[in-house]
Amino acid sequence: MENIPAFREDPYLVGASDYVAKLRFQTSQRTSKTWEELDARLLKNESFGQTLLDTGFLTAIGDSLRMKYPDTLARLTSAHTYVKQHLIWNGAHNLWADNLREVFNRKKGDAADLNLLLVALLRATGLEAYPLALSTRDNGQILAEYPSLTSFNYVAALTTLGGKDIFLDATLPYLPPDLLPSACLNGKGRVVDLAHARWVSLIPRQRMSVSTTFRMAFGPDGTLSGQAEMACAGYAALLWRMRLSAKDTSSFLQKTLEKSIPNFTVSQPSFANADSLAKPLYLRCTLQSREPLQQAGERYYFMPLLGSERSENPFKAPTRTYPVDFGFPLEETNFVEYTLPPGITVEELPKAATFTLPDNYGRFMYSVILNGNKLQISSRLVLRKPSFTGGEYSTLRAFFDKIVAKHAEQVVLKRE
Amino acid sequence: MKFLLLSLLAIPAFATDDKPQYAASAIPAALRTGAHAVLRQHETTFTVKSAGKATERVHLAITILDESGQDHATQVVRYDKLTKVTDFEAQLYDANGKSLKRLKKADIQDLSAVSSGSLFEDNRLKVGQFRYASYPFTVEFDYETSTSNLLFYPGWFPHHEKDLALERADFRVILPPTLRLRFRELNGITIGKTDSSATENRHHWHLGPLPVREVESLRPAYATLGPGVLTAPSSFEVDGHGGELRSWQELGKFLYDLNAGRDELPETLRQRVKTLTAGLTDPAAKVRKVYDYLQQNTRYISIQLGIGGWQTFPAATVAQTGYGDCKALSNYTKAMLKSIGIPSHLAVVRAGDDEPDVLTDFPSVQFNHMILCVPLPKDTLWLECTSQNSPAGYAGSFTGNRHALLVTPEGGKLVQTPRYAATDNAQHRRVRLMLSPEGDGSAEVTTRYTGQQQDTRRMVKHQLGPDDQRQWLYKHIAVPSFDLSAFALQDDAERLASVTETLSLTIRKCASRSGSRLFLTPNLLSAWTSIPTPTARTTEFEIDLAFVDTDTVTVKLPAGLGVEFQPDPVRFDSKFGSYEAAVRVADGTLTYTRRMLRHRDTYPHADYAAYTDFCRKIAKADRAQVVLVKKE
């Protein structure tokens, strides 16, 4: 290679090493000709398939979970919860597990230890379950044309529910069923089994979903006061549950909210469903604006999303070579309701709008409704696919430009 | 055979003691609050055997309460040619204090600590580390180093890390009766005990129990260390050189003698310098010429080796190789100036944007860098000899606003480096904006940065290629969505350094439109957004950059639009600085002017609310909008 310019990292670029030209070597003896051969080798390996054979120590727990939870979803959830609660993850990724009985007794292990133990426990409860071998984002993509053990560096678990695949991972305590850690969201994974071997797509079905709701009263002096709520689901819930678990929760929440809503004083911060993984996580607080809205004569002007707007285009560079990878589909909903006092009327409002990306991969909807003395602004952004190619970049950048411009539009109110 | 048997029987002292200690349950509740780890025991004993030999023994036990405290399960010990690690042991305990594991010699990693950009160093690390995740657990480290570099005595700040509570810590210094310890107690530590006998001088400081320290923002650098002690020798030996260290004068004298006679140049270079400066009469012009020659012909590379940390390479070596570290390049420049009859002094300084000034009342080696000071009839020029693009006489954020120790034949003299006032650190910006009726804009921006405000841009100009400069600007221009159609960065060699930046911007939706109105924030590029969170504060705070920003924005208004609203002029003063902004409209052109000035100072904690209010008022004024509306 000659005269190659330096590789530059852009925002939302994942697995940078996948884009750098390279040669990989492998000893010919260890090469499998097909992925099926490789499945067989994995299953024969004492740090992988063989670990799943000697699991009599799980029979009693498996039986009791089977009796207690006849329903499949409840049973797989209980097995998942059992492993997450009884074992601690040591932070390491791995494809190879230790003897599972030892893992079970010492109550901690790496990703392979915990997830293969989970496969074993699911089987002990009478469910079908398989190891799901994959390559984490740091490890690069799996090249389908080169069957190789070194492609994989991680194993999760897979089971099925009503014919649908369910991914399971026991490393992070806040992972609900069917949510893989973000490091695992990399192309495809392989179900390792002699009879059921196949590739499954790891493109996440769950979104990074954040929904903010403000209900504000417009005071006679032009100040705003009311309640705010942020509901997080999918990957957003995972992220916030982890943040909340590591900190002195109440002061952390207070500081975080103050930072994200700078023009308001925050009081009574609270959260709900921190441990109910099947439900959205709610963060709530009471807000009081620090100063009145900008006023000119008898008019008030303001941006209605109160700091929850997208104020900058994340894609500043005019061009891009490599894909944009958000990791997961995105969903952002903002809803603000103003209760206007008597004597305040609406003079001018932003107009409703809908912008879309080609093939409906992204959609932005903005609406403004005036209903009596209630003024409701809602904005919803959905990106259905988690990554976009370099060729789609300029369209994506222009899409965000329009969102930023729409969010900057202002409301004009008039005092009679 | 006998040998083998003996070594098998030898049981390490650690392992015999299986009485549980360090049970996590014994930690008082008050120390757990907010802590991720608790320092159970910390004992440092520094034993000076003679002016040139000492050992330091450290014993510490830390209970790690959760994952965020995991870093404390690693202990790093530095060593080099003059300092050896003579013992390093580490042991792991479970929550009940039961011993789980002891690191073997082979488990202690031995790593090189050579930093990038360094040609040669002998710094190395020994690292003992436990990977364990069943919280809480306790790690215990015991190590000893022996040093023959007694220019430095240790500083002791066991409580400096955040999220760490401290149960008890002890610091002992033992010296022979002939040697006297010099020390400086800091940040409220209880005064230590001193015991002198015929055989030794003993000092002892104690800390604890101390709960987690709330580390408040904007603290003066020394305050962030927590309570502790700095120590220093009164006389010392290092690598065959010795000296007294009771005053700045004596420290400077030692450094002068160590470096004396190393400023001789080869004859060809003497001639070269003479020719270069021939015809110049102003000594300042001659210094500039020599400095320019230095910048064109040498480059900086770090070399750290034993006494080489303090003794320069001879000037003749630099003349031959073309490279050197800060000492070698300063000494080389000194030699060139000497050859044309201009005297100068080496000066040691504690360099770095975030480094505190030296404690002027505690003479000791508090320095990490060398520069050159050239006293001239009218003024003094300071030369940063490791830079290839800094103007002669400019010290900037790296070495300005602090003290330096001049190394003169009479000894050391503590003097001030150049101080930069608010008006020196300026950002003067002019924006001409054309606005379309839809609110799209195109702007021509010219900004002249001077003093400390130009440091970053000078680096961008000299260290990045055009593509990376463009990327950098895209990242640092605070406009929601724009394209940069052209840009230029130009610098000069004036003593108060400056960089002029010109930008051509196309700004989409520069003014936001709602129906018949356009909303324009005339402060397009200079809005102040950093508002510290107003919290009850218990410690003083430091604002370490003084600056002034001025802005003039002229906007040609689109035809058919009139001004419905313009913000009133704003003007206020406070002890932190001053601010004024105004909008005027005349002949279809809107002109916005702004001036913000901030002082550099340290303020009592009670002023913090007023400071956040000052920032908030500025941020609010900077957000003020002009409302344009279609003329009827």
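Buried area is the accessible area, taken with a 1.4 Å probe, that two parts lose on being put together, summed over both. Keep that in mind for the views below, which come from a predicted model.

**View 1. Chain B is assigned three domains.** Domain 1 covers residues 15-238, domain 2 covers 248-416 and domain 3 covers 426-630. Let us look at domains 2 and 3 of chain B: their centres, taken over C-alpha atoms, lie 38 Å apart. Where the two meet, domain 2 of chain B brings 12 residues to the contact and domain 3 of chain B brings 13.

**View 2. Domain 2 and domain 3 of chain B bury about 1,000 Å² between them.** Carbon and sulfur atoms account for 41% of this area.

**View 3. A salt bridge joins B:Asp379 and B:Arg495.** The closest N and O atoms of this pair are 3.0 Å apart. Across the interface of domains 2 and 3 of chain B, the count of salt bridges is 1, and 9 residue pairs are in polar contact.

**View 4. Here is the side of domain 2 of chain B that touches domain 3 of chain B.** Strand 24 (380-383) and helix 9 (396-399) of chain B each give at least two residues to this side. Sorted by class, the residues on this side of domain 2 of chain B are 4 nonpolar, 6 polar and 2 charged.

Terms used: Residues are numbered from 1 along each chain as its sequence is written. Chains are lettered from A and ligands numbered from 1 in the order in which they are written. This is a predicted model: local features need pLDDT of at least 70, side-chain atom pairs count only at pLDDT 80 or more; totals for chains, interfaces and linings use all residues. Side-chain values use heavy atoms; hydrogens and water are left out. Domain bounds come from an automatic or database domain assignment. Contact means heavy atoms within 4.5 Å. A salt bridge is a side-chain nitrogen of Lys or Arg within 4 Å of a carboxyl oxygen of Asp or Glu. A polar contact is a pair of N or O atoms within 3.5 Å; within protein, one must be able to donate a hydrogen and the other to accept it, and residues adjacent in sequence count only if both atoms are side-chain atoms. Helices (H or I, at least four residues) and strands (E, at least two) are DSSP runs, numbered from the N terminus. Ala, Val, Leu, Ile, Met, Phe, Trp, Tyr, Cys and Pro count as nonpolar, Asp, Glu, Lys and Arg as charged, and the others, Gly among them, as polar.
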